[in-house]
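Work through these exercises with the model open beside you. Try each task before you read its solution.

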Amino acid sequence: MTAFPGAGAPLGQALEEIHAAAVSSPGVGRVADYIPALASVEASRCGIAFANLDGEVHAAGDAGVPFSIQSISKVFGLVLAMQRMGDELWQRVGMEPSGQPFNSIVQLEWEHGIPRNPFINAGAILVADILVSHFSASRQAFLSFVRRLAGSERCDINESVLASETRHGSRNAALAHLMKSFGNLEAEVEEVLAHYFFQCSLEMSCEELARSLLFLANRGVHPPSGEVITTPRDAHRVNAILSTSGMYDQSGQFAFTVGLPAKSGVGGGIIAIVPGQGVITAWSPPLNRHGNSSRALAMISELAGRLGLSIY
Ligand code: DON
């Protein structure tokens, strides 16, 4: 189950080279500041990690430094909701790319409060409603789930990011209220938003994130523990939506150039699933105009190209 033929030193060396090239390239983009607490992160931070199905993690740069995972949390939320609700979930959220920015509101009105997919903000807020409605303590359930997957009790919420998200969350509140008005939210809006902001405020390192998502590269079985997290069919489904919608309005370009299921967050992280092989995570805070980290994109693209990882 080794990631690549002759992995180890060659993979570690490739990660070092790719990291060095990213650090020396001119920084493109801006650190997210619409959530003010995110703006204080050092723009020069940069890391990359690859976890293989044997649980070995190769890494370079700041791969051990926790950062705000933001929208990457939508993957954990979706998997937990799929475990709890089964196929009924897909009556309330779609599986199509939105072709709109991640926090757009217009489409939600046209489409009667049914979000296009679980990875835009409206879709993740809908998933948060499912979690709030199915768990007596959804935030604790979410945190325990992620810690178990990462094999680390260290993963935790950044309280100042949580306060900042909550204070500057008017657009997300608008999305939630609109869905409520269409009858597509069960719980109280405040409670749903509290869960959504909580999960977005989670901090994890590249190494922890890569390890925690290995089940998606392994047909739903988590290699470190052997625990069944999803059926093979549901792992397929999550990867499919990651491929079409995980990089927002840049998902088509990412499929065209890289060819892996992936998810970004405005904290500057990107995870990419390599089915049958492992998970790549890269982090660098400055974002391009789509809200995706430009250096993390470049690093994953280079690694996937060198090793021929595209699924297509
Ligand atoms: O709700 C928000 O806008 C943020 N907490 C998360 C957005 C995000 O990460 C989008 N990712 N590219």
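## Exercise 1: A serine in a helix

**Task.** Find the helix that holds Ser138. Then decide: is Ser138 buried or exposed?

**Solution.** Step one: locate the residue. Ser138 sits in helix 6, which covers residues 138–150. Keep in mind that this is a predicted model.

Step two: check the accessibility. Buried means a relative accessible area under 20%. Ser138 has 8%, so Ser138 counts as buried.

Step three: list the contacts. Leaving out residues up to four places away in sequence, Ser138 touches Leu131, Val132 and His195.

## Exercise 2: A serine in a loop

**Task.** Which two helices flank the loop that holds Ser98? Which residues does Ser98 contact?

The cut-off for buried is under 20%.

Step three: name the partners. Neighbours within four places in sequence are set aside. Ser98 is then in contact with Gln107, Arg116, Asn117 and Ile120.

Step four: compare chain and space. Ser98 and Val127 are 29 residues apart along the chain, and their C-alpha atoms are separated by 16 Å.

## Exercise 3: Two lysines

**Task.** Are Lys74 and Lys263 buried or exposed? Where does each one sit?

**Solution.** Step one: find the elements. Lys74 belongs to helix 2 (residues 73–85). Lys263 belongs to strand 6 (residues 262–264).

Step two: read the accessibilities. Lys74 has a relative accessible area of 2%, so Lys74 is buried. Lys263 has 0%, so Lys263 is buried.

Step three: look at the surroundings of Lys74. Its contacts beyond four places in sequence include Pro118, Phe119, Tyr196, Tyr248 and Lys263.

Step five: check the distances. Lys74 and Gly123 are 49 residues apart in sequence but 8.8 Å apart in space, C-alpha to C-alpha. Lys263 and Ser71 are 192 residues apart along the chain, with 7.6 Å between their C-alpha atoms.

## Exercise 4: Two positive phi angles

**Task.** What value is phi near in Arg219 and in Tyr248? Is each residue buried or exposed?

**Solution.** Step one: read phi. In Arg219 phi is near 55°, a positive value in a residue other than glycine. In Tyr248 phi is near 55° too, again positive in a residue other than glycine.

Step two: find the loops. Arg219 is in the loop between helix 11 (214–217) and helix 12 (232–245). Tyr248 is in the loop between helix 12 and helix 13 (251–257).

Step three: judge the exposure. Exposed means over 50% and buried means under 20%. Arg219 has 61%, so Arg219 is exposed. Tyr248 has 9%, so Tyr248 is buried.

## Exercise 5: The nonpolar cores

**Task.** How many residues are in the largest nonpolar core? Which helix gives the largest share of it?

**Solution.** In soluble globular proteins, nonpolar side chains tend to be buried together.

Step two: count. The largest nonpolar core holds 73 residues. Phe76, Leu89, Leu202, Met204, Leu213 and Leu216 have the most contacts inside it.

Step three: find the main contributor. Helix 5 (residues 121–134) supplies nine residues, the largest share.

Step four: look for another core. A second, separate one has 26 residues, including Leu260, Ala262, Ala272 and Ile280.

## Exercise 6: The whole protein

**Task.** How many helices and strands are there?

**Solution.** Step one: count the elements. The protein has 14 helices and eight strands.

Of the 312 residues, 58% count as buried.

How values were computed: Residues numbered from 1 in each chain as written. Predicted model: local features only at pLDDT ≥ 70, side-chain atom pairs only at ≥ 80, totals over all residues. Heavy atoms only, no water. Core = buried A, V, L, I, M, F, W, Y, C linked by side-chain atoms within 4.5 Å. Buried < 20%, exposed > 50% of the residue type's maximum accessible area, 1.4 Å probe, protein only. Helix = DSSP H or I, 4+ residues; strand = E, 2+ residues; numbered from the N terminus. Contact = heavy atoms within 4.5 Å.
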